[in-house]
Amino acid sequence: MIKMKFNTKVIHGGQKHDAAYGAVMPPIYQTTTYAQTTPGGHKGYEYSRTHNPTRNALENAFASIENGNYGLAFGSGLAAIDAVIKLLKPGDEVISTNDLYGGSFRLFTKIFQGFGIKFHFIGMENAINIESYINTNTKLIWVETPTNPMMSIIDVKAVSAIAKRHSILLAVDNTFATPYLQQPLDLGADIVMHSATKYLGGHSDVVMGGLVVKDKALADKLYFIQNASGAICGPQDSFLVLRGIKTLHVRMQRHCENGKAIAKYLVSHPKVENVYWPGFENHPNHHIAKSQMKDFGGMISFTSKGSNFEEAIKIVEKLKVFTLAESLGGVESLSGHPASMTHASIPKVEREKTGVVDSLIRLSVGIEDIDDLIADLKQALG
């Protein structure tokens, strides 16, 4: 296969035409098991929890677009994170950003902390902060960048240098940026994680998670966990995300264009107090975002002046084109109230330390006409 640029990879990367009939799209192999000519005599597939041709095609696509060698698909983003933490054992320690998705925080603190794994949640905007938390038990650094929902930017290269110096794994949740904007493996990460429910699927019609790595030994450990724990995705879901990936580049271009326009509108609005979007020159670590990202994405958070919990709820309830809903990254624009929705599982005191206050609103800017989106915000803000 020729060396491909990203816009070609999303369509052809890691893919081959169906051997039976030449189908351009991988068929949906809706089967649990595969015929064998003798015990152990098969064509590479025995049981669909372990391998499925449609899922394998998706996993190859994951690896291709992240410049990795091995991809793994799971039933959800949290199932993918679960597999990574299962690389650890009681007594091990994890350093994580303090501004992260509420579901990740819940998994770390309510499930794995009970199994004897210790988590440190710290600000990573200055990578040097990580050093004081490292000890002989530290086995993993978990990074989101941009973070959810404060859009904080973390220098993956700098964190990678620290991780490698101490022989610690570095995992990066690349859900917000997508491989169109940022490729953490090329910046030194060991593992890239995606909630493929979001931008990779792109149409709000499938729940899915993915991991990508370069190292074979690490991939083999994760494949074992994937098969042994069984949190895999089905062939229909795999097909849908494969379809979504094929338009990732064109969708992301519009997400970025619309996101920039919305951010500029909000920052100039007299009733808006703070706008969190890494494309602004005064955004903390904007220079890092500019160096490690191709563009600044379609995720924005903001607060309005004098707003409280009730006022924020009124604003999101008034929005008509922006749908009030969980999730993000679909073609349609979504709004959310992190304090009562995506981050409700984080204690109020902890989330407010990172800026997730009751008045914060998060927008996932879709690919609709920008004039309609701005008009919707205008009427909702009054």
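1. A nonpolar core is taken here as a set of buried Ala, Val, Leu, Ile, Met, Phe, Trp, Tyr and Cys residues joined through side-chain atoms within 4.5 Å. The model is a predicted one. Its largest nonpolar core has 59 residues, and those with the most contacts inside it are Phe62, Met208, Val241, Ile245, Ile262, Leu266 and Leu363. Helix α9 gives the largest share of this core, seven residues. Apart from this core lies another, of 29 residues, including Val84, Leu107, Phe119 and Ile346. In soluble globular proteins, nonpolar side chains tend to be buried together.

2. Val241 is one of the residues with the most contacts inside the largest core. Leaving aside residues up to four places away in sequence, Val241 touches Leu58, Phe62, Ala196, Leu200, Gly201, Val206 and Met208.

3. Helix α2 (residues 53-65) and helix α8 (residues 235-245) have axes that come within 8 Å and cross at roughly 35°. The crossing of α2 and α8 is left-handed. On the α2 side the contact is made by Thr54, Arg55, Ala57, Leu58, Ala61, Phe62 and Ile65, and on the α8 side by Pro235, Ser238, Phe239, Val241, Leu242 and Ile245. By class, the residues of this contact divide into 10 nonpolar, two polar and one charged.

4. How do α9 and α13 pack? The axes of α9 and helix α13 (residues 370-381) are 10 Å apart, at an angle of about 30°. Angles under 35 degrees count as roughly parallel, and α9 and α13 are therefore roughly parallel to each other. Their crossing is right-handed. Asn258, Ala261, Ile262, Tyr265 and Leu266 in α9 meet Ile370, Leu373, Ile374, Leu377, Lys378 and Leu381 in α13. The contact of α9 with α13 has nine nonpolar, one polar and one charged residues.

5. Val250 also belongs to α9, which spans residues 248-267. Is Val250 buried, exposed or partly exposed? Val250 counts as partly exposed, because its relative accessibility is 44%. Tyr180 is 70 residues from Val250 in sequence, and their C-alpha atoms are 9.7 Å apart in space.

6. Ser104 is placed in helix α4 (residues 102-111). The cut-off for buried is under 20% relative accessible area; Ser104 has 0% relative accessibility and so counts as buried. Not counting residues up to four places away in sequence, Ser104 touches Leu78, Ile81 and Glu144.

Note on methods: Residues numbered from 1 in each chain as written. Predicted model: local features only at pLDDT ≥ 70, side-chain atom pairs only at ≥ 80, totals over all residues. Heavy atoms only, no water. Helix = DSSP H or I, 4+ residues; strand = E, 2+ residues; numbered from the N terminus. Buried < 20%, exposed > 50% of the residue type's maximum accessible area, 1.4 Å probe, protein only. Contact = heavy atoms within 4.5 Å. Axes fitted to C-alpha atoms, helices over the stretch in contact; angles between N-to-C directions. Parallel < 35°, antiparallel > 145°, perpendicular 65-115°, else oblique. Left-handed = near helix turned anticlockwise from the far one by under 90°. Nonpolar A, V, L, I, M, F, W, Y, C, P; charged D, E, K, R; others polar.
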